[in-house]
Amino acid sequence: MSVSESAVRGAVTLPAACPLDCPDSCSLEVTVEDGRLVSVDGGHANPITDGFICAKVRNIADHVYSRERILHPGVRTGPKGEGEFERVSWDGALDRIARKMLAVRAARGGEAILPYYYGGSNGFLTQTSTDARLFRRLGASRLARTLCAAPTGAAALAMYGKMAGVALQDYVHSKLIVIWGNNPSATGIHLVPIIQRAQKAGAKLVVIDPIRTPLAARADLHLAVRPGSDLPIALSIIRWLFESGAADGAFLAAHATGAGELRERAASWTFERAATAAGVAPRDVERFARLYAETSPAVIRCGWGQERNRNGGSASAAILALPAVAGKFRVRGGGYTMSNSGVWKFGALAEEPEPETRVINMVLLGETLLTRDDPPVDLLFVYNCNPVATVPNQTKVREGLAREDLFTVVFDQVMTESALYADVVLPATTFLEHRELVRGYGAMVTHDSRPVIAPVGEARPNYDVFAELCRRTGVAREGEPESADALRDAILDGSGRGEEFRRTLVGSGVAYPEGGAAPIQFVDVFPPTADGKAQLFSPGLDDEAAHGLYHFEPDPATSAAPLALVSPSTEKTISSTFGQLNRKIVPIELNPADAAARGIADGDRVRAFNAQGEVVTRARLNPNLREGVAALPKGLWGHNTENGATSNALAPDSLTDIGGGACFNDARVEVEKL
Ligand SMILES: Nc1nc2c(c(=O)[nH]1)N[C@H]1C(S)=C(S)[C@@H](COP(=O)(O)OP(=O)(O)OC[C@H]3O[C@@H](n4cnc5c(=O)[nH]c(N)nc54)[C@H](O)[C@@H]3O)O[C@H]1N2
Ligand SMILES: Nc1nc2c(c(=O)[nH]1)N[C@H]1C(S)=C(S)[C@@H](COP(=O)(O)OP(=O)(O)OC[C@H]3O[C@@H](n4cnc5c(=O)[nH]c(N)nc54)[C@H](O)[C@@H]3O)O[C@H]1N2
Ligand SMILES: [Mo]
């Protein structure tokens, strides 16, 4: 049924799929009445959704019709950052942007243009589609998209070629579930009931997290490690597996390389030494090692919390090596789950190669805007991203965006804090208003999701706007795919998926990978590497890491900044998306002992600070944090604190050992009562 038909007929329920940055990739049932979104609930097309969804998306009408929604293009009339705009027509806005793009390119070359985009749209019609076409053909700087999953992605690619992981629904078959640096109770809620079913059937649960998360509270063993200390823990278990004879020599000989080098690098990590580095009891590490060696099927759900620090790449690699060393593959419910995005080889339209222009690491946005002069960034185009809220070293990001000679376009659904700095703002549709090709990075499913309501205000989809900019800058080519249908077909063609996949997807709206939605690792799927083996010691990763693969860098805490500040996901936002809807002050959480040592009581006004910045907010005492750890959620907006700064004002713009990722959880701070 088309959108217009639904508008005529009163209340109808239509299928859609959620493309937000979450592993679950839910199928949705959307009720629309007289063209207006009434309610959203879980569908059944993706079995993992199982008819229920998170509160954020159930309430997405609040976002779609929010007061902060950008309804038409605007041109800046006040100082940067103030958010004063004058309404202009789409033609006027696009002409202005296209003229500026051509002028910048003529003056300093295409590399003076920087596209800046990340997690707002995990769909394939709204990212690396016509946007990629525009920026490639302009010869723009390329963006290293490192804000998330760069270390884990690099490790998984080098070690297993991004082989499909254990399907989330197969956790019911596991007898040991290890949740490592991951909090599905907030970040992928459909795994939680599956884990509960497994526990009822006798599975043991181990959680490795500095915070007693809801699952940690229900675990058989919780290792409350110091942030950034997962590497010693994993290496000590690897050492013990080899030394005690519990390593699976037959599996390693047949299916892995590099076991010898891994064993060597792990050799000095006794349980005692690892436990000291991680601030946990040696006997708990040993208990975990024995439980892991003795129990099958055993699965490790490797999350992203452990990657966001100086050791994040090596830590993730060592965690991913565990199932190979212990011989946990080859059974249903055994192995590991990391991101399953590699299952789908979708991506940019395969019509032309990327130009060899310079690559800018997105973690270094502030630094780049303030200091690069080879050439400087003269035109920044932000879409699918809210860098003021989500990129480290917030002060520098704001300073960079405030540069008078920078021309900034922000294309978003709502007036984000980044949009306040724009020279031109453009209104974007939400996934309920545009076509999207959605694929899961947890659930192995692809959806062809259709619009269920007409665009709000003058909002337009990314694929239309970038196609239009291609035309206006003169880089468009006759006859190339531009409509949503044609783009979807071109992306599917480029992905090497067969005709049957396309027929199923277009016919039913949902399709699964050829290997099925629940493959067994090293039975149904193997590393798509040259030799089909797991590479437990990748020379590439070893070269990349400044001190070599599996090298541990100690905690960066100092006496001036002794507390480790982590910024985990909350159930209220997806990164900063929906942050306009919560205008309350959000407290920094402290362990009661750390608070007492500073004379801080629950609810006190406090200042969290380090050499880079400060956040003024309230304190909340939370015994679920291990001592020495403070937490302020990711995705906050300036209105959630008293001084407009968030955890990214305190997070360093240093890079992870591998993958050039962000070290959000390497912030070290002091907190004082005001
Ligand atoms: N509701 C909601 N869901 C989301 C998101 C969201 O913002 N909100 N974001 C989505 C995105 S973009 C992503 S990448 C995923 C991320 O999902 P998760 O993998 O769950 O990642 P985080 O929320 O960053 O952190 C998870 C846990 O890691 C812990 N942690 C922090 N540092 C360390 C460490 O050094 N070692 C260990 N072992 N644990 C540590 C934190 O305390 C936290 O409990 O979730 C997605 N889903
Ligand atoms: N301190 C701290 N910061 C973090 C993290 C952390 O752990 N700690 N985690 C990081 C992680 S895991 C991630 S993934 C990043 C995510 O960082 P971002 O990529 O900045 O993600 P969001 O904050 O969700 O912002 C996405 C924006 O895209 C817009 N958008 C959505 N769909 C569309 C569309 O179709 N078209 C257009 N034009 N716009 C659209 C949304 O309205 C939203 O404003 O944040 C990182 N930031
Ligand atoms: Mo992320």
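This is a predicted model: local features need pLDDT of at least 70, side-chain atom pairs count only at pLDDT 80 or more; totals for chains, interfaces and linings use all residues.
Let me begin with ligand 1: domain 3 (151–338) and domain 4 (563–673) both contribute residues to its shell, so ligand 1 lies between them.

Which residues come closest to ligand 1? Of the 33 residues that surround ligand 1, the closest are D209, D230, S569, T573 and S575. Several polar contacts can be named here. A backbone N or O atom of N183 lies 2.8 Å from an oxygen atom of ligand 1. A backbone N or O atom of G305 is 3.3 Å from a nitrogen atom of ligand 1, and a polar side-chain atom of K634 is 3.2 Å from a nitrogen atom of the ligand. On its own, ligand 1 has 910 Å² of accessible area, and the protein covers 98% of that. By class, the shell around ligand 1 holds 11 nonpolar, 15 polar and seven charged residues.

I turn now to ligand 2. Its shell draws at least three residues from each of domain 2 (74–147 + 356–446 + 456–510) and domain 4 (563–673). There are 30 residues around ligand 2, and G119, D412, N462, S576 and T577 come nearest. For two of these residues the side chain makes a polar contact: a polar side-chain atom of S576 lies 2.5 Å from an oxygen atom of ligand 2, and a polar side-chain atom of T577 lies 2.6 Å from an oxygen atom of ligand 2. How much of ligand 2 does the protein bury? Taken alone, ligand 2 exposes 930 Å², of which the protein buries 97%. The elements giving two or more residues to this shell are strand 16 (407–412) and helix 24 (647–650). In terms of class, the shell around ligand 2 comprises nine nonpolar, 17 polar and four charged residues.

Next, the backbone. Most residues other than glycine have a negative phi, and most peptide bonds are trans.

The peptide bond from S296 to P297 is cis, with omega near -10°; P297 is in the loop between helix 14 (282–294) and strand 12 (298–302). A cis peptide bond also joins D374 and P375, with omega about 0°, and P375 lies in the loop between helix 16 (365–371) and strand 15 (379–383).

T128 has a positive phi, near 45°, and sits in the loop between strand 6 (113–117) and helix 5 (130–138). Because its relative accessibility is 18%, T128 counts as buried. A149 has a positive phi too, near 65°, in the loop between strand 7 (142–144) and helix 6 (150–160). Is A149 buried or partly exposed? With a relative accessible area of 25%, A149 is partly exposed.

One further loop residue is T357, placed between strand 13 (335–337) and strand 14 (359–361). T357 is buried, at 12% relative accessible area, and a polar atom of its side chain lies 2.8 Å from the backbone oxygen of A140.

Finally, the cysteines. How many disulfides are there? The count comes to zero. C18 is buried, at 11% relative accessibility. The closest cysteine sulfur to that of C18 is in C26, 6.4 Å away, and therefore too far for a bond. C22 is in no disulfide either; its nearest cysteine sulfur, that of C26, is 6.3 Å away.

Conventions
Residues are numbered from 1 along each chain as its sequence is written. Chains are lettered from A and ligands numbered from 1 in the order in which they are written. Side-chain values use heavy atoms; hydrogens and water are left out. A residue is near a molecule or strand if one of its heavy atoms lies within 4 Å of it. A polar contact is a pair of N or O atoms within 3.5 Å; within protein, one must be able to donate a hydrogen and the other to accept it, and residues adjacent in sequence count only if both atoms are side-chain atoms. Accessible areas come from the Shrake-Rupley method with a 1.4 Å probe; for residues, only the protein chains shown count as cover. Helices (H or I, at least four residues) and strands (E, at least two) are DSSP runs, numbered from the N terminus. Ala, Val, Leu, Ile, Met, Phe, Trp, Tyr, Cys and Pro count as nonpolar, Asp, Glu, Lys and Arg as charged, and the others, Gly among them, as polar. Domain bounds come from an automatic or database domain assignment. A disulfide is a pair of cysteine sulfur atoms within 2.5 Å. Buried means under 20% relative accessible area, exposed over 50%, partly exposed in between (1.4 Å probe, protein chains only).
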